[in-house]
Structures are given as C-alpha cells and as structure tokens.
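Trainee: I would like to go through the terms used for this model and see what each one rests on. Can we take them one at a time?

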Amino acid sequence: MKLLDLSRLFREAIYNHSPIFIQNLLLSAYGACLHRQRYHGAAGEYTRQLLASQWFQPEEFEAMQIKTMRLLLKHCADNVPYYQKIFKQIGFNWTDFTRLEHIKKLPFLEKSTLQQRLDEFLPIHPSGAGRAKNKMVAFYTSGTTGQPLTVYKTITAIRQTWAFLERFRTWAGVKEGDRRATFSGRLIVPPNSKNNIFWRYNAAGNQMLFSSYHLSEKNLPYYIEKLNAWQPVIIDGYPSAIYLISKYIVNRRLACPAMAVEGTIKPKAVLVTAETLLPFQREAIETAFQAKVFNQYSSSEGAVWITECEKGGLHLNPESGILEILINDTDAPPDREGEIVISSFLTEGTPLIRYKIGDYAVRSTGNCPCGRKMPLVSEISGRKDDYIYTETHGYVGRLDPLFKGLSPSILETQIIQENKKELLVKMVTAPDFKKEFLAPFVQELKKRVGEEILIKFDFVNQIPRDKRGKFKSVVSKINSLAKSTNSP
C-alpha cells in the first residue's frame, strides 16, 4: 500500500475514533486551511473584477475571451507536452487565434485521453526540473461518466474559481461567512455512528456539514430538528439530498399543518450543485424552505461556469472559458440539446481545450430581465443517477466522492442495486489492474452504504451507453418510494 494511502487511513482512523467536539475542531482546522487556500492573496481582487465584468456588453466579453484564450494557448505551446505535440501535428500556432471561431481549428479532447495521459498535460517547471505537480493541488472526480479522473490546479486558479462562486452568491443575496448548512459528499459522520448526530461544525466557514449518507426515514426528524436550531442563511449542496429533506418537510406540513414547526426553517437562498436539478426537486425545495433555489454548473475538472441569477436566468460566465454546445461535432441551434465542449480559463495546471466533459445543455436566445448580457442556457443535463437504498443508511445519492484517489487502472464503474442486500459493480479496468486495487473502493463504498451490504464485481470490456454515449454510474432496480432522482 502506498505511503499516501496509509497516511489517509491513519488520519481517518484518528477522526473516526475522536469525540464529536474533537471532530468539530479537526474540521474547523481543515476549513481554515481551505479558506486560506481559496480566499487569501488576490482572491478579493478576482471577485471585484467579476462583479464589474458581469455588466460587460457582448463585444467586451468576446474581446476578453480572445485575449485570455491566447494567453492559455501560449502557455500550452511553451510548457505543456501534450499540446506541444498536438500543435505540431496540426500546424497550429497560438498567434493564429484571433477570433472565437478559431477554437474549431483544434481537436477535441476526450476524457479517456486525459485519464490515460495525465502527465503530458502537466506543465513543465520553468527551471526544467520536471513537471510542477508539487506546486499544485490535486482534484478528483468521476464526472457524469463513472470514469475516475485526477486534475491539478494552481493556487491562482483555485482562487479565481472561488471568485465565481462568490459572484454567484451575490446573485442569491448571500455571501461568504453567512451561516450555512451543507449537504455534500464528505464523510463527516463515521459510518457506524449510532448517536443520531448526523452533522459536524466547521467554525472557520460558519458551516454546519450534514451527512448525505444517513438520510433514512427514521433519521430525518433529527436533521429537521438540527436545521431548525441552526437556522441557516444558506442551504447548499446536492439537490438529491436536499430534496429528501424537503419532501419530508412538505409531507409533514400537509399531514399536520398545526405541528409543522419545520416551516420556521427559512434560509435566504438554497444553492444546489454537482447534480442535475430536476423540476420536481426545485418545487419541493422551494415549497419546504420558502426560498428561491439557485442552480449552478461547474466541475472539479474546471468546467466553464453556468450560474442562475436572481431572475431565474441560467447564465454562461464568459470569463471562465469558451463553451460550445454541439450536435455531431457541429454547433447546435438554439433550443436544441447538444454536447457541452469546454475550453476552460481556470485549468492552467491541467489545461483543458475543447474538452468533452460528458454533459449536455440547451442554448437559449434573448435577454435576461436581470440586465446581464452573458449568454443564456435554458437547460443543463448532467448526472441523473439513482439512489442506493439501505435499511441502515436510508437513501444514498451522489457516490462520486468514493472515486477520490482510486488507482488509474480502474477506468469505468457502474453500481447496480438489484435488491436491498447486495450491489453489483460493473468495472472496466486497464491491463495493469490488480485485484488489490479494489480494497480502497470497497472500503469507501461500504462507508457510505453500510457494512451489511454484499458487494459483487463483474469485470467487463465496456459498460453499455445510451444514445448520447453516456451511462448512469448508479442504477437502482428495487421498488422504493424514492429510488431515483428522476421521479418525485
């Protein structure tokens, strides 16, 4: 086992066996480190620039995109082995990029290429001392296709990325530091917890972190009680988890209006991300919390940002990159769904140019009542996975975090629940795969679904795709009331 894996397991063991107040201190210390990483240095200036540029005219956005793309292409030509080879093969010079449509001179980047040739995307250190991986921060994702992926980001890019989040929060009428309740993929509650305390506190972020892996019917009242006591200004995180809370509140309110104290949980805004927000989820969340839902699209890889404004418009953030929406590799007409292809300005550490991220969107026309001239998107189609249901953990959605740090020999996975007692994992592996690589995957999966679940593996050459070339990474075949995020 790698030294890094042992270190991680050691840290987890200390955390899981510590009293809750120590866990809160550890999370707060980690939160302070993240806050410094995201908000120090020039972070404030990046946010101020975005608050000004949001009112640009279309021609100003275009000039800014051309200038920024030229800088990224020059960086790739000077420092990134993969693009040095590509540019040479196609006879491309970064100085040739003078109009946005010139992006089409460059080939597409497939996720499998990035996955298998990651080292070639890392910039060579200016001193000639090899790739500057140790100067960057690793991010992990499986995206919407179940393919484990690692990318590296510079501290500058991280702070620029969080500036987009800060601008998005201003659209929702909230800000960094507001009291927050978060439902995400972090394992902040030990899997075998039996004390009905399914949250931990990050003092550095004024944030109550709620477990997304203990949302069973019997546990939901404890979540509601804590939310009522915490009174968050912001609720954010996975829509699938927030929806389960919301549906419980709405059903309780309908069943017994006089006893519906849950109605006193009234945040200013609910900010959702990481999954496709479906209409019935939005309706339930807004009804439960009597607050507007604000949708956001980005990714751990560094996708171009799309954020919802106070008037309900989904705006492409042009300062984050160039976004193409394509059908059969040509521009999709407005109001037709097409594949998202990104050229991100936030990926200097692992440059992504014409990257097929695996999601789909519909471009819209016209102007938004908010007055911003950013391009509009009417719909984003990304992850629409099912829930896993277990008797001990309830409904478990969004299993993306368990792919963090997996062996690159695991190329694709699909988790299928045939019944309440077992899971079938279909897996595509590389030739250098070894069975011992499964141990971290099984360990992380059982932390989320429980030790009593039997996990079986089926090693396959390919996982069947739908007509768009995608597959659901989690599929439930059991008859439960909330088995899928695709139905109310």
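This is a predicted model: local features need pLDDT of at least 70, side-chain atom pairs count only at pLDDT 80 or more; totals for chains, interfaces and linings use all residues.

Trainee: What is the overall make-up of the protein, in helices and strands?

Mentor: The protein has 12 helices and 21 strands. Of its 488 residues, 55% are buried. Among contacts between residues at least 6 apart in sequence, 68% join residues at least 24 apart.

Trainee: Why is Gln-65 called buried?

Mentor: The relative accessibility of Gln-65 is 9%, and buried means under 20%. Gln-65 therefore counts as buried. Gln-65 is found in helix H4, residues 58-79.

Trainee: Which residues does Gln-65 touch, leaving out those up to four places away in sequence?

Mentor: Gln-65 touches Leu-100, Pro-318, Gly-321, Ile-322 and Phe-345.

Trainee: What makes the approach of Gln-65 to the backbone oxygen of Gly-321 a polar contact?

Mentor: A polar atom of the Gln-65 side chain lies 2.8 Å from the backbone oxygen of Gly-321, and the cut-off for a polar contact is 3.5 Å. The backbone oxygen of Pro-318 also qualifies, at 3.2 Å from a polar atom of the Gln-65 side chain.

Trainee: Why is Thr-113 buried, and where is it found?

Mentor: Thr-113 has a relative accessible area of 19%, and the limit is under 20%, so Thr-113 is buried. Thr-113 is found in helix H6, residues 111-116. Apart from neighbours within four places in sequence, Thr-113 is in contact with Tyr-82 and Phe-121.

Trainee: How do you know that H4 and H5 are roughly perpendicular?

Mentor: H4 and helix H5, residues 81-90, pack at an angle of about 95° with their axes 6 Å apart. Angles of 65 to 115 degrees count as roughly perpendicular, so that term applies to H4 and H5. On the H4 side the contact is made by Leu-73, Cys-76, Ala-77, Asp-78 and Asn-79, and on the H5 side by Pro-81, Tyr-83, Gln-84 and Phe-87. By class, these residues are six nonpolar, two polar and one charged.

Trainee: Which residues of H5 are buried, and what do they pack against?

Mentor: Pro-81, Tyr-82, Tyr-83, Ile-86 and Phe-87 of H5 are buried. The buried residues of H5 pack against H4, H6 and helix H7, residues 118-121. After H5 comes Gly-91, with a positive phi near 70°.

Trainee: Why is H8 described as largely enclosed by the rest of the structure?

Mentor: Of the 17 residues of H8, 12 are buried, so H8 is largely enclosed by the rest of the structure. Among them are Ala-157, Ile-158, Phe-164, Leu-165 and Trp-171, and also the charged residues Arg-159, Glu-166, Arg-167 and Arg-169.

Trainee: What is the span of H8, and what span is expected?

Mentor: H8, residues 155-171, reaches 25 Å from its first C-alpha to its last, close to the 24 Å expected at 1.5 Å a residue. H8 is followed by Gly-173, whose phi is positive, near 80°.

Trainee: What makes H2 and H8 roughly perpendicular?

Mentor: The packing angle of H8 with helix H2, residues 20-39, is about 95°, and the axes are 7 Å apart. That angle falls within 65 to 115 degrees, so H2 and H8 are roughly perpendicular. Arg-36, Gln-37, Arg-38 and Tyr-39 of H2 meet Ile-155, Ile-158, Arg-159, Trp-162, Glu-166 and Arg-169 of H8. This contact has four nonpolar, one polar and five charged residues.

Methods:
Residues are numbered from 1 along each chain as its sequence is written. Side-chain values use heavy atoms; hydrogens and water are left out. Helices (H or I, at least four residues) and strands (E, at least two) are DSSP runs, numbered from the N terminus. Buried means under 20% relative accessible area, exposed over 50%, partly exposed in between (1.4 Å probe, protein chains only). Contact means heavy atoms within 4.5 Å. A polar contact is a pair of N or O atoms within 3.5 Å; within protein, one must be able to donate a hydrogen and the other to accept it, and residues adjacent in sequence count only if both atoms are side-chain atoms. The expected span of a helix is 1.5 Å times one less than its number of residues. Axes are lines fitted to C-alpha atoms, for helices over the stretch in contact, and angles run from 0 to 180 degrees between N-to-C directions. Angles under 35 degrees count as roughly parallel, over 145 as roughly antiparallel, 65 to 115 as roughly perpendicular and the rest as oblique.
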